[in-house]
Amino acid sequence: MDFSPQHLMINVKKEGPGKLVKQTFPLRFGQYSEIRTPDFEFCFNLNGEIKSIRGLKSDWPHPAEQFKRTIGNDWVYYTVGDKSGDEGIISWMGEYYLPCLPYASNPVWEIKYFSNPVVMSALAEWSQLFANLYMANSKGLYPHARNLIQRILANDDQVLYERSQQLNKIIGSRVSVLPPDTRHVDYDIIPLTISDGCLYHCKFCCVKTDQKFQKRSKENIQEQIGALKDHFDANLVNYHSLFLGNHDALAAGEDLICFAAQAAYHVFGFRQRDERPFLYLFGSVGSFLGAGQDLFEQLNQLPYYTYINIGFESIDSKTLSQIGKPITVEQVKEAFDKMLEINDAFDRIEVTGNFIAGDKLSPEHDGSLARLLKHARVKNKSKGAIYLSPLKDSPKKRELLSRFYKIKEESHLPVFVYLIQRL
Ligand code: SF4
């Protein structure tokens with residue numbers, strides 16, 4: 001790689017607000033470092049790992065669009081879409097940005113960002129910057145930023161890849177899907193596996209494993225927490241959200257959930273900053289119906305605000321059998337009512353639910369769901385979001401949006417689209 005000297009504006013220590021708020025322009029949160037070239041802005045976390053790249057020139061698609069690198073080492077392109085304001089992405093994602101994933105998922109709206117050479121040049125510019133920093137370091141340039149440059153150089157693409165593999169090794173496997181509620185922290189969570197597998201092996205599911213449901217031991221959880229602390233290292237201070245994995249952590253029961261949540265809280269040094277830290281987990285209809293009042297009372301006393309996301313999928317029996325979900329409509333209804341009760345009764349717990357969306361489902365699927373949401377009796381209309389998750393093999397995903405708006409319009413609960421995103 002050539003060394004093309006260019007003036008770099010290096011800001012070793014920047015600090016944005018600690019609390020992530022939703023807004024149209026990408027504000028930077030927490031502590032980070034920034035390097036600007038005339039054309040791009042690069043942000044790094046406190047370990048010196050590249051975090052985001054944003055174009056600064058007028059040919060960049062939009063000043064608020066950017067690439068973000070996840071801790072799973074995926075480069076995700078954040079687009080603002082082609083409609084702004086209340087009609088835009090915010091109306092169906094609940095966020096101002098749509099993360100465009102570099103792997104197959106279930107988006108209702110696909111943006112082919114990779115066919116735009118200006119966008120893709122950002123990744124080439126990152127390689128160029130890395131080469132320039134290497135030369136700058138060997139020539140002793142930018143003395144005030146010497147430590148930062150060396151931290152960045154210690155995290156080349158190979159190291160970043162290896163670190164993502166190391167993370168999977170610590171927790172046992174890659175997190176194949178994150179709860180939709182993690183959008184509230186832009187999917188920046190620390191994963192901790194407290195159980196593997198799930199209670200059902202639904203035919204339609206694209207994220208399941210072959211494993212039978214099994215809890216992890218407390219020793220194993222403690223080992224993970226210690227290894228995760230080392231792994232996240234200096235950048236741990238920028239996290240205040242924990243995801244208890246994997247597909248049905250609720251089935252692990254109150255003792256293990258509370259043990260893991262509390263141990264992680266202390267070791268990771270989560271603090272009650274402007275808001276409580278967040279705890280995320282998935283639950284199934286079976287584990288949710290089986291959970292006693294004690295569990296919710298204990299969760300409500302944890303130093304977190306807890307989101308439990310339940311896979312309801314459908315309230316139509318034909319659809320449930322079509323997708324191979326071994327539960328009944330009665331169980332779904334009972335679990336749905338329980339979700340409303342828990343959300344009313346506990347101020348630090350929010351139960352949310354997923355239903356599928358697709359164009360080859362029984363015609364009763366949409367109608368029965370619309371009726372359920374229209375007649376839901378809720379005290380707090382902003383709590384307990386319902387996520388519609390397009391099936392992966394649905395050919396006309398974009399057309400699902402008009403059906404989504406129809407359901408949303410009459411719903412007494414907030415309704416959003418669920419984008420299946422891995423860590
Ligand atoms: S939908 Fe949930 S319960 Fe069913 S197989 Fe997938 S992860 Fe398991």
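In which loop does Asn246 lie? Select Asn246: this residue lies in the loop between strand 11 (241-245) and helix 6. Helices (H or I, at least four residues) and strands (E, at least two) are DSSP runs, numbered from the N terminus. Residues are numbered from 1 along each chain as its sequence is written. The model is predicted, so that local features need pLDDT of at least 70 and side-chain atom pairs count only at pLDDT 80 or more, while totals for chains, interfaces and linings use all residues.

**Two backbone features**

Display the backbone at Gly245 and Asn246, which are joined by a cis peptide bond with omega of about -5 degrees. Next, move to Asn73, in the loop between strand 5 (66-69) and strand 6 (75-79). Asn73 is not a glycine, yet its phi is positive, at about 70 degrees. Most residues other than glycine have a negative phi, and most peptide bonds are trans.

**The two domains**

Colour domain 1 (9-155) and domain 2 (172-417) separately, as given by the domain assignment; such bounds come from an automatic or database domain assignment. The C-alpha centres of domain 1 and domain 2 lie 28 Å apart. Their contact takes 18 residues from domain 1 and 24 residues from domain 2, where contact requires C-beta atoms, placed from the backbone, within 7 Å. The side of domain 1 that touches domain 2 has seven nonpolar, nine polar and two charged residues. In this classification Ala, Val, Leu, Ile, Met, Phe, Trp, Tyr, Cys and Pro count as nonpolar, Asp, Glu, Lys and Arg as charged, and the others, Gly among them, as polar.

**The ligand shell**

Select the ligand and then the residues that surround it, among them Cys198, Cys202, Cys205, His201 and His247. A residue is included if its C-beta atom, placed from the backbone, lies within 6 Å. Tyr200, Val207, Lys208, Ser284 and Gly311 also belong to these surroundings. By class, the shell has five nonpolar, four polar and one charged residues.

**Helix 5 and helix 6**

Select helix 5 (residues 218-232) and helix 6 (residues 253-268), whose axes are 10 Å apart at an angle of about 25 degrees. Axes are lines fitted to C-alpha atoms, for helices over the stretch in contact, and angles run from 0 to 180 degrees between N-to-C directions. Helix 5 and helix 6 are therefore roughly parallel; angles under 35 degrees count as roughly parallel, over 145 as roughly antiparallel, 65 to 115 as roughly perpendicular and the rest as oblique.

**Helix 2 and helix 3**

Turn to helix 2 (residues 117-138) and helix 3 (residues 146-153), whose axes come within 10 Å and cross at roughly 130 degrees. These two helices are therefore oblique to each other. Show Leu133, Tyr134, Ala136 and Asn137 of helix 2, which meet Ile149, Gln150, Ile152 and Leu153 of helix 3. This contact has six nonpolar, two polar and no charged residues.

**Helix 11 and helix 12**

Finally, select helix 11 (residues 364-374) and helix 12 (residues 400-410), packed at about 25 degrees with axes 8 Å apart. That angle makes helix 11 roughly parallel to helix 12. Asp366, Leu369, Ala370, Leu373 and Lys374 of helix 11 meet Arg403, Ile407 and Glu410 of helix 12. The residues of this contact divide into four nonpolar, no polar and four charged.

Terms used
Contact = placed C-beta atoms within 7 Å.
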